[in-house]
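Please open the model in your viewer and display it as a cartoon.

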Amino acid sequence: MNILLEVRSGPSYYACMASILDTLEAKLNKANIRKVLVVHGDKSWEVAEPFFPSFENVETSYIKYNGECSDIEIERVSKFAVEQSVDALIGVGGGKLLDLTKSVGNHIQKEIILIPTLASNCAAWTPLSVIYDTNGSYVRFDIHQKNAWMLLIEPGILLNSPIAYLRAGIGDTLAKWYEGNALVEKIASKSACIELAHVAARQCQEVLLTHGEEALADLNKGKWTDALQRVIETNIVTSGLVGGFGDRFLRIAGAHSIHNGMTSIEQTHHLLHGEKVAYGILVQLLLEGKFSDIKQLLPIYEALKLPRSLSDIGLTVEHEVELQQIAALSVKESEAIHLLFPDISLEKVAAAMENLEILSNQGSSSIN
């Protein structure tokens, strides 16, 4: 098998345990890190600050990010970090903030420490950043040479995270199987790393379909349970291993292209990244003709409250202009949907969205 495969397995150090942040200064001292910059948001910092230790021998600066991982924001934070002469960056927040921290750390070649406040995607694990413009529309994704030095998960922080973000994480992580498996099906001979990524992708699907609803209920009760930890680590760790070992051969395909098209439509801006991706999974499966998968997922989506119809994403069949725009942007030449469907057209995507509407409204029992 003569293909170029770049493997980036994950952070150098990972831990998920209560009071893990209390060990942070000792780890910084051991690495001779004396100045750090904490990148944070508003709500995320309110939740994380009670768990964040006071350093005795490490000088700390703080900067609040502006809500998007954009080129302008990367430049702003990078400039501040250089002015402060920091040795490392600590990102405390959700996916976009962690992506920003990774971009800045790679830009100025400093160590990266990530403390997620949400389990909505694998941003904390992967050496990849999704770049948006200042309005929140997708621009591209960058793959970094340098991964995070440390990933620290404090259960107490995630127990205070909104349920919507864990739900979105389930949607985004389910795509690891439905996109990854579709891509692997096109590979005649698989390397050991691609096989590992494929196993991880299957594990994502199995854990989330089995424990997803229970984990959401446990988070709602504020209880750290085995089911909740399994789902959180699946969203962050197992999900990250899929792209880490599988590279472009299992990273993204049709579902994320549909997501990218949706980011340009104002009516869908109420949806989180993973919720858009979840809807994109169903559109991709319809394009593949995998109706048994759709039949399996529709009732699960209903139980998990993931979007399965146009009304769920803020549109109707009467929004022809918007549907055409989503379809057109999802089949741009640079989009990963072409890895599955080389001859895809906006007409086929638009028709798939309309046909999905019929199936969703009829219910899974009507799907053959």
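Two strands are said to pair if DSSP finds at least two bridges between them. Helices (H or I, at least four residues) and strands (E, at least two) are DSSP runs, numbered from the N terminus. This is a predicted model, in which local features need pLDDT of at least 70 and side-chain atom pairs count only at pLDDT 80 or more, while totals for chains, interfaces and linings use all residues. Residues are numbered from 1 along each chain as its sequence is written, and side-chain values use heavy atoms, with hydrogens and water left out.

**Stop 1: the hairpin**

Select residues 128-132, strand S6, and residues 138-143, strand S7; the two run antiparallel and are joined by 5 bridges. They form a hairpin with 5 residues between them. In the turn, Gly136 has a positive phi of about 90 degrees. Ile131 stands opposite Arg140 of S7.

**Stop 2: the sheet**

Next, display the open sheet, whose 6 strands follow the order S1-S8-S5-S4-S2-S3 with parallel pairing. Strand S1 (13-16) and strand S3 (59-64) stand at the edges with a single partner strand each, so one side of each has no neighbour in the sheet. On average, neighbouring strands are turned by 15 degrees against each other, direction ignored.

Within this sheet, select S5 (residues 111-116) and S8 (residues 150-153), which pair in the parallel sense over 2 bridges. Leu114 has Leu151 in S8 as its bridge partner.

Contact here means heavy atoms within 4.5 Å. Axes are lines fitted to C-alpha atoms, for helices over the stretch in contact, and angles run from 0 to 180 degrees between N-to-C directions. Helix H8 (residues 226-246) also packs on the sheet, touching S1, S5 and S8, and its direction makes about 160 degrees with that of S1.

**Stop 3: helix H6**

Select residues 163-184. Why should helix H6 span 32 Å? The expected span is 1.5 Å times one less than the number of residues; H6 has 22 residues, and its end C-alpha atoms are 32 Å apart, which agrees. Of these 22 residues, 19 are buried, that is, under 20% relative accessible area (1.4 Å probe, protein chains only).

Helix H9 (residues 254-262) crosses H6 at roughly 135 degrees, the axes coming within 8 Å. Asp172, Ala175 and Glu179 in H6 meet Gly254, Ala255 and His256 in H9.

**Stop 4: the interior**

A nonpolar core is a set of buried Ala, Val, Leu, Ile, Met, Phe, Trp, Tyr and Cys residues joined through side-chain atoms within 4.5 Å. In the largest, of 91 residues, Val39, Leu166, Ile236, Tyr279 and Ile281 touch the most other members. Apart from it lies another core of 22 residues, including Leu28, Ile33, Ala88 and Val92.

Finally, centre on Val231 in helix H8. Is Val231 buried or exposed? Val231 is buried, with a relative accessible area of 0%. Not counting residues up to four places away in sequence, Val231 touches Leu166, Ile170, Leu208, His211, Gly212 and Ala215. Cys204 is 27 residues from Val231 in sequence and 8.6 Å away in space, C-alpha to C-alpha.

Key:
Buried means under 20% relative accessible area, exposed over 50%, partly exposed in between (1.4 Å probe, protein chains only).
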